[in-house]
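Here are my notes on this two-chain model, point by point. Please keep the structure open as you read.

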Amino acid sequence: MSITRRQFIKRNAVGMASASLLLPELFLSRAYGQAAPNPDRKILVVIQLDGGNDGLNTVIPYTDSRYYALRPNLSFKESELKDAQGQSTIISDRFGLHPSMGGLKGLYDAGRVAIVLGAGDTMLPSGSHFSSRDVMHTASLDGNTKGEGWLGRYLSQTLAEKTGVRALAIGGGLTKSFDASRAIAAAVPNFEAYNFKTDPLYPGNANNQLNAFRACNGESFAEGSFAGSIARMGVEAAGTASKINSAPSRYRSTVVYPTGSNIADRFKMIAQIILAVEEAELFHIQFGFFDHHGRQIPADRNKLAGDHAVQLKELCDAVKPFYNDMAEHGLADNVTLMTWSEFGRTARENGSLGTDHGSSSVMFVIGNAVRGGLYGQQPSLESADLDAATNPKTHVDFRSVYATILDGWLGVDSVSILGRRFEDVGFFG
Amino acid sequence: MTNLSYDEAAHMFRRMGFGGHKDDINDLVARGREGAVDYLINYEAIDNSALDSTFRPIDYANFFQLQKMWVSRMIRTRRPFQEKLVLFWHNHFATARTKVDLSVLMYIQNETLRQHALDRFDTLLLKVSQDPAMLVWLDGLTNAAGRPNLNFARELQELFSMGINDVVTGEANYTEKDVQEIARAFTGWGYKLKKKNKDYAVFKLKGADHDNGVKEVYGQSANFSGQDIITIICARRATARFLVKKLFDFFVYPLTSSPQDKATIEKFADVYMASDHSFKATARAIFASDEFFSDRARFALIKNPLELILGTIHMLDMPFDTPAAAGNNNYYVRSQAMGLEIFNPPDVGGWELDLGWINTATLLERYNFANDLLSRRALSSAEFGVPVVTIELLRRFTDASPQKTVENFLFALGPLKVSPETLGILTDYLQTNDAGERVEFVVDDATIDKTVRGLVRLIMCLPHYQLN
C-alpha cells in the first residue's frame, strides 16, 4: 500500500519529524503525487433523482401496447429509440433506454450496468415526496424515519476500523442518507468557498484564531443538544477543509467533462476527492427536478427537449466521463454507482403532458464489479394490475438493492444495517 | 402588567424579528410582556410609509432586485414581526422561482403573503391558492375537467393545512381518493395579470375547464368548488393542530410527540377554533404564553441564515445601507450560501429548520461571513454582502479589562451565556500575541483593529451564537 502525503505528514507529526530530512527526494515526490489504487478500496456513489423519476419513460417497454395506450403523448415508439448520433438505445427484445440516455448505452453493452425493474417500496409506499424520501434515506421498516440514514448506520458501525473524511455529499447540502449518530459526513457544494478564513490583514494571528475557535467548540455540550452537534461539526469542518479544498490542485486527468452541466461538475469533484482523500468511500449527489406533473415534454411535442429528457441526458453524459476518469486512474474496479428516486410516476399521463406521483420505478447500479443486465420484474400495465391512480405494482423492494450493495460491495452484513434479511438482487458475483 | 426582562425582550426580537439593538430592547422592556407582544403583532399601527416609498423604483421583474428588495425590507422595516411572518409563510407555502420562472409572480405572491399574513386562515389559504405563483408552481393552470392534475390537491393537504396524519392523534387526515377528488374541485383555476400602480393579478375561473360533477371528499358528496374545499379544510381541527405545530417549530421550540406537547398543541388549537380561525388571535396567544417565555424556548432553535446575518447587523447596530442605496445589498447572496435563498426554497416542503441549516459547508459559510464582516475596514465591491465594522463601533464595547470586553460583546450579541471555560479562552485570546505568548491587553486602535475584531469573529463562531 502506498503512503499518501497526508499520512506521511501525519506520521511525521507523531514521531518521525526529523526523519523527513533524510528521505530520498524520489520518495518525497511520490508522496506528493496521487495515491496508487488500493485494490481493497470500495467506493459507492449514490445519485438521488429528486422528485420521483418516471421509470416507464427511463427504461421503455417498447413492446407493451398498454404503455402506448396509457401514454398517447409521452410514449416513445420503437423507431424513436435512438440517440442523437442515430445509435439504437434498445437493450433487449422488450426494453430500450430513453433516447437521451445514449451516454449509458455503451456501458450497458459492456455489461457494466444493472437495471432493477419494478423497484420501489413494498413496505411503506407513500404518494408523499417527503415520506417516501425519508423512508428511502433511512430504509425504515416501521415508518419511523428519525435517527440515522442507511449509509449513516454503515458509517457508525464501521467507525472503529475506518476514520477520516469518509462520506461526502457533493454539490449542495447534506443528505439524510448520511445522517449518523457518531460519524460526521461532509457537505461540499464547491471547493472555492470550502475553507476557514481568517483576517487577511493579520495572517500572523491566524493560528490564535484557529486555536481559540477549536478550544471553544471543543468543549463538552449537553448530549444531543443543538450546540453540541454544531460544535462537533464545526471542528470537523474547519479541521478537514484544506484536505478537501486542495483536491483540485493535485488532480491530473485527460478526461474532458461536459461544460455547463451541474452534475458533470459534481462527478468531476468526486473524481478529484477520490484521488486526494484516500479514505473517502461514500458520495451522494442529489440531482434534478424529476417531479414532472407537467411539461415532462414541451407543448410542441418535441420529446427530446422536455425536462425529463434533458435531465436524463445530463446524467448519462456525466456518468460516462466519470467512468473513464476512474479507469484512467486505475480505479474503475473500485467504484460502484447507484441511482434511486422516491417513487415512479403514474402509468397514465395526465392532461398537463406530465405524470403524477406513482409507485415503482427503476434503479441503476453501475460499475466494473457489477454484473450488467436486467433484474427485478417489469410490472404489468394491464388495467386490472393498476391501482385507481394507475400505479403499477412494485416487485422489488429498494431495501433489497441496498442489501445487495451492503453485502456485495461495502462488505458488511446487511442485516446489521437494515434490521432484517432482504433478498439479494444478484447483480454482484 | 407582567414584567418583561431584558433577556426576554431580546428573545422576542430574535424570534419575532431579526434581532434587536439595546435601545430597541429597552423600549420593549418598558411595555411589559403583553404590551410588547401587542406592539409587535399590531404592526399595522406602526407607520412604515417611509420604507415603502424607498422601494418604488425597483424593477420587480429583475429577480436579484427582488431578492435584495425583500432582504432590505427585513432590515429596514419598523415592523419586524411583519417581515418575519412573511418569511414564515414563504416557508409554509414554499414556492420557488426555479419553476415559477417569472419574478413578477414571486413579487405578487410576496405581497399577497404580506397583505394577508395575519388574516383568517381561510382567507390566507384561499388567496395564496388563487395567486398566480401557486397556480404555476403546483400545476393548477393545467388542472382541467377530465384530466386532473394532482399536484396542488396533495400539497394543499399534506403541507399547507393538515399534514398526512393528525399531529395529535396520528390518524390519517385524508386518502389517496381524497387527493384525486379534491384535484377535480380545483379544475379551471387561472389568473389574469394587471398593471396599475404596481403589478397585481386577478383570479379567474375558466368555466369550461371546471369540473362541475359531484366529488366525494372526506366522506361527503357534493359539487364542491375549490373554495368549498378550503373552507372545509380550515374548519378541521387537524388544520388547527398542524398550524400550531408549525408555529411552535418556527417561533418557539421544536415540539415532540409527548403528552405534554400534545396538550400544548390542543391548548392553542382551541384558540384557533374559538376565534373563527383567526391566525392573529392564535399567534398572539402563543407569543404571550408562558411556553414562549419558558427556559425551554430560550435559544432552543437554530438561527436560519437571515436571522444570523441580519441579527448581527441589528445587534451591533451597524450602518447596513442608506436610503439612497435601498435594496443595494448582497446579504441575500450570503444567505443563499448558508442554505437559504429567498424566493427559491429547495422544494414545496420548504427549508428544513434547525439542524437542516447545519452542515460542514454552511458552517464554514457562517464562520467566513463572520470573518468577512469583521475584516471589512472600508467599502469595497470585492466582498459581497458585508457592511463596514468601524473602529468607532468596536470602541464602544471595548473596556480596559479584557474579560469585561468579552462580556460586553457577549451581551450585545445575545445576551449569550457561555461557560467559564469559554469566557477564559476568549479572554486569553485577547492577551495572546502572534507568537502565542501572553501579553497585556492594551486598549488602543491597533489592538482593537486586530484582536478585538478577531474576538467578535470568534464569538460569532461559537455554537451559542448559531442558536436563536
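1. Where is the place of Arg301(A) in chain A? Arg301(A) sits in the loop between β7 (282–287) and α10 (307–328) of chain A. Helices here are DSSP runs of H or I with at least four residues, strands are runs of E with at least two, and both are numbered from the N terminus. The phi of Arg301(A) is near 65°, a positive value in a residue other than glycine. Arg301(A) counts as exposed because it has 11 C-beta neighbours inside 10 Å. The cut-offs are these: buried means 20 or more other C-beta atoms within 10 Å of a residue's own, exposed means 12 or fewer, and partly exposed lies in between, with C-beta atoms placed from the backbone.

2. A word on the basis. This is a predicted model, in which local features need pLDDT of at least 70 and side-chain atom pairs count only at pLDDT 80 or more, while totals for chains, interfaces and linings use all residues. Residues are numbered from 1 along each chain as its sequence is written, and chains are lettered from A and ligands numbered from 1 in the order in which they are written.

3. Asp139(B) is not a glycine, yet its phi is positive, at about 60°. Asp139(B) lies in the loop between α10 (132–137) and α11 (151–158) of chain B. Asp139(B) is buried, with 24 other C-beta atoms within 10 Å. Next, the peptide bond between Gly414(B) and Pro415(B) is cis, with omega about 0°. Pro415(B) belongs to the loop between α22 (402–412) and α23 (420–430) of chain B. For context, most residues other than glycine have a negative phi, and most peptide bonds are trans.

4. Look at strand β8 (residues 335–340) of chain A. Since 6 of its 6 residues are buried, β8(A) is largely enclosed by the rest of the structure. Val335(A), Leu337(A) and Thr339(A) point one way from the strand, and Thr336(A), Met338(A) and Trp340(A) point the other way.

5. Which strands pair with β8(A)? Pairing requires that DSSP finds at least two bridges between two strands. Strand β1 (residues 43–49) of chain A runs parallel to β8(A), and 6 bridges join them. Gln48(A) stands opposite Trp340(A) of β8(A). Strand β9 (residues 361–366) of chain A pairs with β8(A) in the antiparallel sense, over 2 bridges. Leu337(A) has Ile366(A) of β9(A) as its bridge partner.

6. Now the chain interface. In all, 51 residues of chain A are in contact with 49 residues of chain B; contact means C-beta atoms, placed from the backbone, within 7 Å. On the chain A side, α5 (129–138), β6 (186–188), α7 (206–217) and α8 (226–245) each supply at least two residues. The most come from α8(A), with 10 residues. By class, this side has 26 nonpolar, 20 polar and 5 charged residues. Ala, Val, Leu, Ile, Met, Phe, Trp, Tyr, Cys and Pro count as nonpolar, Asp, Glu, Lys and Arg as charged, and the others, Gly among them, as polar.

7. Asn208(A) is worth a click. Asn208(A) is found in helix α7 of chain A. Asn208(A) is buried, with 22 other C-beta atoms within 10 Å. Leaving out residues up to four places away in sequence, Asn208(A) touches Tyr429(B), Thr432(B) and Asp434(B). The C-alpha atoms of Asn208(A) and Thr339(A) are separated by 45 Å, with the two residues 131 apart along the chain.

8. One helix pair in chain B. Helix α15 (residues 259–274) and helix α16 (residues 279–287) of chain B pack at about 150°, with axes 8 Å apart. That makes α15(B) roughly antiparallel to α16(B). Angles under 35 degrees count as roughly parallel, over 145 as roughly antiparallel, 65 to 115 as roughly perpendicular and the rest as oblique. Axes are lines fitted to C-alpha atoms, for helices over the stretch in contact, and angles run from 0 to 180 degrees between N-to-C directions. The contact involves Phe268(B), Val271(B) and Tyr272(B) of α15(B), and Ala281(B), Thr282(B), Ala285(B) and Ile286(B) of α16(B). These residues divide into 6 nonpolar, 1 polar and no charged.

Note on methods: Two residues are in contact if their C-beta atoms, placed from the backbone, lie within 7 Å.
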